[in-house]
Amino acid sequence: NFIGSDLKNSNLQGANLESTIFQNSQLQKVVFIAAHLSGANFQGAHIEGADFTKSLGLTQSMIEKAHGDETTLLPEGILIPEHWINKEVLEENEGE
């Protein structure tokens, strides 16, 4: 398990990460292409810029619990969570 770990810029392409706990981890720009993620826990994890293209077992519920942004690449069928969009709007308004 990787609770609170800093794995920024790691290449986990094709890895079997089923049921792995990434809770509160720093996963910015991690490559998860074709990784097996069934049952993984991304609660509180920062996945900005991560690439989940063609990952297996990733669900909308998993993504909803993470912190991402417009640079996070999600597989087909997974939508950008509303709170990611709202966060960006809040940050833009703070800069004005």
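Analyst: Let's start with K8, which is partly exposed because its relative accessible area is 40%; that label sits between buried (under 20%) and exposed (over 50%), using a 1.4 Å probe and protein chains only. A word on the background: this is a predicted model, in which local features need pLDDT of at least 70 and side-chain atom pairs count only at pLDDT 80 or more, while totals for chains, interfaces and linings use all residues. Residues are numbered from 1 along each chain as its sequence is written, and side-chain values use heavy atoms, with hydrogens and water left out.

What does the side chain of K8 meet in a salt bridge? Its partner is the side chain of D6, with 3.7 Å from N to O. The rule asks for a side-chain nitrogen of Lys or Arg within 4 Å of a carboxyl oxygen of Asp or Glu. Side chains of opposite charge can pair when their charged atoms come close. D6 counts as exposed because its relative accessibility is 51%. A search of the whole structure turns up one salt bridge.

K8 also leads us to Q28. Leaving aside residues up to four places away in sequence, Q28 touches K8, N9, H46 and E48, where a contact means heavy atoms within 4.5 Å. Q28 is buried because its relative accessible area is 18%. Its place is in the segment before α1, the helix spanning 60-64. Helices here are DSSP runs of H or I with at least four residues, strands are runs of E with at least two, and both are numbered from the N terminus. The protein chain has two helices and zero strands.

H36 also lies in the segment before α1. Is H36 buried, exposed or partly exposed? H36 counts as partly exposed because its relative accessibility is 30%. H36 touches G14, A15, N16, L17, E18 and L56, again not counting residues up to four places away in sequence. With E18, the C-alpha to C-alpha distance is 5.8 Å, although H36 and E18 are 18 residues apart in sequence.

Now for the aromatic rings. Rings of Phe, Tyr and Trp (its six-membered ring) pair if their centres lie within 6.5 Å; planes under 30 degrees apart count as stacked, over 60 as edge-to-face, and the rest as tilted. By this rule there are six aromatic pairs. One of them joins F22 and F42, stacked at 5.1 Å centre to centre with 15 degrees between the planes. Both partners lie in the segment before α1, so the pair F22 and F42 ties together parts that are 20 residues apart in sequence. F22 and F42 are both buried.

Another stacked pair is F32 with F52, at 4.6 Å centre to centre and 5 degrees between the planes. This pair links distant parts of the chain, since F32 and F52 lie 20 residues apart, each in the segment before α1. F32 counts as buried because its relative accessibility is 0%, and F52 is buried at 0% too. Ring pairs link F2, F22, F32, F42 and F52 into a cluster.

Finally, let's step back to the whole chain. Of its 96 residues, 36% count as buried. Among contacts between residues at least 6 apart in sequence, 4% join residues at least 24 apart.
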